[in-house]
Amino acid sequence: MDEFPPSPNDDQDAGPVYDRPSKSQVKRDMLALLDLGKDLIDLSPERLRQLPLEEKLYEAIRLAQRTTSREGRRRQTHYVGKLMRRAPAEEIRTQLDVWANGSREATASLHRTERLRDRLLTDDEALTTLLAQYPGADVQHLRSLIRAARKEAASNAALTEGSQLQRKHYRALFQALRELEPGDTSSSDTAEDEEEEA
């Protein structure tokens, strides 16, 4: 076998080794920061104040929010993207994700409560299951709300088309169920908005 030992120059023939990111990667990173800046421009001032933003970046975002001309807003948005290079982007993304997921969890919680209310109106066993889960619940109050909501539903079913549905007890039962959940931070306004859409 004719094996040749490696030449000491073989490593040098491989060409220079770059340890910096490619131009494409730099461009992707810049676009990601620009997109993050756009997300910040869409936030309310109260939310913005909760983020770790330098004063210069905060003011640039607020100016972008107040800018009405299309070209002016585009330029200001790009300026925000440029300032984002010095911002703690990962920390900001994490907080935005918390806000977004919290919102999804609140919506899911409202839907669970709606399904529970609907079960209580059609199934007597649902109250027994609920009381096992929340032993401190006011049984009499819940029973009276369920009776009133069932009576209301029966009255609504007998209404002629175009008549106004009554939903007072239906909503009251929903609110009572929301109050059973520990740490429930949703306001009654939000709950009622959901109810109106139902």
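Biologist: Which residues is L53 in contact with, leaving aside its neighbours within four places in sequence?
Modeller: Before I answer, note that this is a predicted model, where local features need pLDDT of at least 70, side-chain atom pairs count only at pLDDT 80 or more, and totals for chains, interfaces and linings use all residues. Residues are numbered from 1 along each chain as its sequence is written, and side-chain values use heavy atoms, with hydrogens and water left out. Contact here means heavy atoms within 4.5 Å. With sequence neighbours up to four places away set aside, the partners of L53 are L40, L48, Y58, I61 and I92.

Biologist: How many residues does the largest nonpolar core have?
Modeller: A nonpolar core is a set of buried Ala, Val, Leu, Ile, Met, Phe, Trp, Tyr and Cys residues joined through side-chain atoms within 4.5 Å. L40, L53, M84 and I92 have the most contacts inside the largest one. Its total is 21 residues.

Biologist: Which helix gives the largest share of this core?
Modeller: Helices are DSSP runs (H or I, at least four residues), numbered from the N terminus. At least two core residues come from each of α2 (23–41), α4 (55–66), α5 (70–83) and α6 (89–122). The largest share is five residues, and the helix that supplies it is α4.

Biologist: How many residues are in the second, separate core?
Modeller: Look for L116, L121, A137 and L173, which are among its members.

Biologist: Is T77 buried or exposed?
Modeller: You will find T77 in helix α5. Not counting residues up to four places away in sequence, T77 touches L34, K38 and I41. Buried means under 20% relative accessible area, exposed over 50%, and partly exposed in between (1.4 Å probe, protein chains only). T77 has 9% relative accessibility, so it counts as buried.

Biologist: How far is the backbone oxygen of R73 from a polar atom of the side chain of T77?
Modeller: Here we stay with T77, a residue of α5. Between a polar atom of its side chain and the backbone oxygen of R73, the distance is 2.7 Å.

Definitions and conventions: Polar contact = N/O pair within 3.5 Å; in protein donor to acceptor, adjacent residues only side chain to side chain.
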